[in-house]
Amino acid sequence: MAEQQNKKRIFSGIQPSGDIHLGNWLGAIKNWVALQDAYICVYCVVDYHAITIPSQAAELHTRIHNACLDLLACGIDPEKSKLVVQSHVPQHTELAWILACFTSLGDLERMTQFKDKAAQHAQYVSAGLFTYPILQAADIAIYRADAIPVGEDQLQHLELAREIVRRFNNRVGRDILPEAKDIVTKGARVMGLDGASKMSKSKNNYIGITEEKDAIWAKLAPAKTDERRKRKSDPGNPEDCTLWSYHTLFTESEADRDWVRAGCVSAGIGCVECKRCLLENIDRALSPIRERRREYAADPARVEAIIREAAAWCRDEAEITMRDVRAALGVRA
Ligand code: AMP
Ligand code: TRP
């Protein structure tokens, strides 16, 4: 228990906006799993972030449940970590309002994720999409988290979160909210199957972590490879092939990797053979995830209990922070 008290805190979040894919897994969630022993971890399905773009109630409800199942399947261990749904802890949004009063418009306007998403949803850009990073800052501060594991694309939001907390602390004249460090998964930016942009839920260029072997093959088989390989007899360059980047992530055997690389540059093997080898290796990596997901999916009451227990713990922790924050502001003493 004493050891538990001394442990530092980790927080991270993921939107329930569709299937969790290889990019999320390698860029973030694998790291979440690895950190569970050394830290007190809160991992959050951020459903209030998901409504910053149009959503349907029934679909969102299913996606929240699926995101929880996917995270458990990936190895988030409810014995070690808290798996929580953001809307179950109302203090997140309470703190977000307060922090909004300590955030400048100029800072929000610089956010590249906002610019990208606003362009994607140009017909209606909600104020919620604009203030999204403030809710993210509140997610982190409410648990007084020390460190935040994320992919590189979230660094700008985390820098702003620290800025907001600094401004809050300065204005109230006390260090009430800590500044959280980032733990970035370096070099794990996974490209999409289209080879044109990073793997992303919104671009439909992804392999989901719970997809079955035949579904993975249906995506790998037509995937673009090095354009120089028009025929099997044309040699290619693995550095110009998205599928090779997947081999570097999934093909553990050095002999297999050498075989693929040498076969590509010498036209000794065709892209289909390269893809078949990759299929086996991706499938081997995902098979325990699918297995665990089936177990949890078969026991909804257990999943429900895990989420409920985490939410109760999180509300208590969040309330400790909010008491200090409210007192520092002079409200609701
Ligand atoms: P999102 O899918 O945008 O909710 O992202 C959830 C987490 O996965 C964040 O920490 C991202 O940085 C990470 N992530 C998303 N897509 C990728 C990708 N293609 N490669 C690496 N990390 C990613
Ligand atoms: N914005 C993050 C993403 O798109 C998700 C997120 C919400 C988050 N709140 C967070 C990540 C707090 C880390 C910490 O991936």
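Into which domains is the chain divided? There are domain 1 (2–190 + 300–329) and domain 2 (213–292), with bounds from an automatic or database domain assignment. This is a predicted model, where local features need pLDDT of at least 70 and side-chain atom pairs count only at pLDDT 80 or more, while totals for chains, interfaces and linings use all residues. Residues are numbered from 1 along each chain as its sequence is written, chains are lettered from A and ligands numbered from 1 in the order in which they are written, and side-chain values use heavy atoms, leaving out hydrogens and water.

**Around ligand 2**

- Of 14 residues around ligand 2 (each with a heavy atom within 4 Å of it), those that come nearest are Phe11, Tyr132, Gln136, Asp139 and Gln154.
- Look for the polar contacts, pairs of N or O atoms within 3.5 Å: an N or O atom in the Asp139 side chain is 2.7 Å from a nitrogen atom of the ligand.
- Polar side-chain atoms of Gln136 and Gln154 also lie by a ligand nitrogen atom, at 2.9 Å for Gln136 and 3.1 Å for Gln154.
- On its own, ligand 2 has 360 Å² of accessible area, and the protein covers 89% of it (Shrake-Rupley method, 1.4 Å probe).
- Helix 8 (127–142) is one of the elements giving two or more residues to this shell, along with strand 1 (9–14) and strand 4 (147–150).
- With 4 residues, helix 8 gives the most (helices are DSSP runs of H or I, at least four residues, and strands of E, at least two).

**Between the domains**

- The centres of domain 1 and domain 2, taken over C-alpha atoms, are 35 Å apart.
- In contact (heavy atoms within 4.5 Å) are 8 residues of domain 1 and 8 residues of domain 2.

Methods
A polar contact is a pair of N or O atoms within 3.5 Å; within protein, one must be able to donate a hydrogen and the other to accept it, and residues adjacent in sequence count only if both atoms are side-chain atoms.
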